[in-house]
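Here's a walk through a two-chain model, with the cut-offs spelled out as we go. Take a look at it before reading on.

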Amino acid sequence: MSGEVQAGAVLGGLAEQEQREGARIPIQKPRRRRIGLGDWLLPAYTIIAFVFLLIPIVYTFVFSFNDSIKSNISWRGFTFDKWLNVCRVEGGAVCEAFGNSVVIGLTATVIATTLGTMIAIALVRYRFRARSAISLLLFLPMATPEVVLGAGLAAQFLAVGVPKDMTTIILAHTMFCISFVVVTVKARVASLDPALEEAGRDLYASPAQVFWRVTFPLLTPGILAAALLSFALSFDDFIITNFNSGSTSTFPKYVYISASRGIPAEANVIASAVFLFALVLVIGAQVSRAARAKRLAKLG
Amino acid sequence: MAFAAFATAEAQPQAPKKKSRIALFLLLPGIAYLVLFFLAPLISLVLTSLQAPREFGDIGQFDYAFNWQNYVTVIQQYLPHIARSFGYALAATVLALLFSYPLAYFIGVKARRWPLLQSLMLVLVIAPFFISFLLRTLAWKQILSDESIIISSLKALSLMAPDAHFTGTPFAVIFGLTYNFIPFMTLPLYTTLERLDTRYLEAGSDLYANPFTVFRKITVPLSMPGIVAGTLLTFIPAAGDYVNASRDFLGGPDTQMMGNVIEANFLVLLNYPAAAALSIILMAAILVLVGIYVKRSGTEDLL
């Protein structure tokens, strides 16, 4: 009895499976063809797209080894000379511009990250009036074209009579970095478990201790990401800088001004070095994040 | 958990005053900074745009007035530049969307099984950010110059007229704008496509929808937030850009955009009111366009 049922069930099951397979063929055929198309077409497109995206980077890198005399347009042969003597050209103008960019970037990053992190914590943790007005004030700088931001600040400095120098560049860069810091850190604050701070308070920590021992370490990845973003935005900014720099040179401004008479290969050296440094930094961060995730998975 | 909720509920009536003081302390410096260096400059820009030239004054000397004719003058004088700014920015946005969508789809949906490949490709997408924006654009100028391999071989194959140029044309400017803002398009598209639930796509094809219908009716509507964010992040900076259209980069005398004339008026001609009026027009036009766009895409999302 039970054997019969079992056999029947098995047979029925087989028949059902056969039936399903028979029915599946006409449906699966077009689907398989679609997946087949996507299987090679999309990856091929992706490779071509990446080649396209990377062409100017490779070009800039290759031409940093060009044995050029003044302008760096045609290929004249391979040399390490430009990498070894970056600061020699034009009395060190490239290096001075680069140094200014680093100083401006670091200063603007420190100020913007501090102010932006404070705002982000307040926005997530506290309820207050004028909340939507503040959100709008934070959103608008990101939605305003850089030309308008630059011209506006320049008009104000002109009206107040402030001479344009490195300070005005730092003030300008800090302004447009704040909003990006707020957006980046806010996400991190929102994902923070309030119970952790609660636990700190329950263990008789003072508010300052709770902040520096619990909240701040948990926010660090978000704050670091915001700082990196700020520095990158500041370092590569040209449009706002151009309106507010006076005679101070920055690396992008140097490139813009020398574009008409030809960029020396030394500029390519600096740009390539910065590129490689940033690449190592980002890949390092990715690898350490992956390693941490693996460690956490092992613990869990 | 319940205990924690209880504790905060009890603690709240005790310290609302102290809490609002902390919020004020956290907000005040940053907000004051933005008021001082973002809001005040915008007001300053409006005031400058209405200035009139000083009587018997030098070049670059203006007095506060209510000279609204400045706006009429700049619109009459720079109408082609205004049209070019929005035309080029629109073209670059559409091209960047067409370029980025398949790329973001591959990274966000197809490459899900390989997280390492996924993060490597994301690094490649943002890689152009690590090298100077201006040098990238100059590299394209040299790669696509008349003497370059690409252009000379196109000419040898008669695909291009022998006396034609690529750099200095509107195509070159649109090309440069597209290239430079592709990461701004790809990243938001990736973030929405990465969360796309592929079971919806399977359900669509189980219901006999062809791949195109699945894409149009499921994938696109679900990725609408990314499309809106990406197009805004591309269109706004592209409309205000003046590096690509500059003569020393990819542009020529007939490709100048609003940014170029704002720069020229402010920094070279010292005609501050004209530059300020153009800036206000640019910003107002962008705000209106963005408002309409967000509203329309929002309603389309609901339909």
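Let's start in a loop: B:Leu270 sits between α11 and α12 of chain B (helices are DSSP runs of H or I with at least four residues, strands are runs of E with at least two, and both are numbered from the N terminus). B:Leu270 has a positive phi of about 55 degrees even though it isn't a glycine. For context, most residues other than glycine have a negative phi. B:Leu270 counts as partly exposed because it has 15 C-beta neighbours inside 10 Å; buried takes 20 or more other C-beta atoms within 10 Å, exposed 12 or fewer, and partly exposed is in between, with C-beta atoms placed from the backbone.

A word on ground rules: this is a predicted model, where local features need pLDDT of at least 70 and side-chain atom pairs count only at pLDDT 80 or more, while totals for chains, interfaces and linings use all residues. Residues are numbered from 1 along each chain as its sequence is written, and chains are lettered from A and ligands numbered from 1 in the order in which they are written.

B:Tyr208 also isn't a glycine, and has a positive phi of about 65 degrees. Look for B:Tyr208 in the loop between α8 (198-206) and α9 (211-222) of chain B. B:Tyr208 is exposed, with 9 other C-beta atoms within 10 Å.

Now for where the chains meet. Chain B puts 67 residues into the contact and chain A 68, a contact being two residues whose C-beta atoms, placed from the backbone, lie within 7 Å. On chain B's side, α2(B) gives the most, with 19 residues. That side of chain B divides into 51 nonpolar, 11 polar and five charged residues (nonpolar: Ala, Val, Leu, Ile, Met, Phe, Trp, Tyr, Cys and Pro; charged: Asp, Glu, Lys and Arg; polar: the others, Gly among them).

For one helix pair, take α10 (residues 251-258) of chain A and α5(B), which pack at about 30 degrees with their axes 8 Å apart. The axes are lines fitted to C-alpha atoms over the stretch in contact, with angles running from 0 to 180 degrees between N-to-C directions.

Finally, A:Ala151 touches B:Leu45, B:Ile262 and B:Phe266, among others, leaving aside neighbours within four places in sequence.
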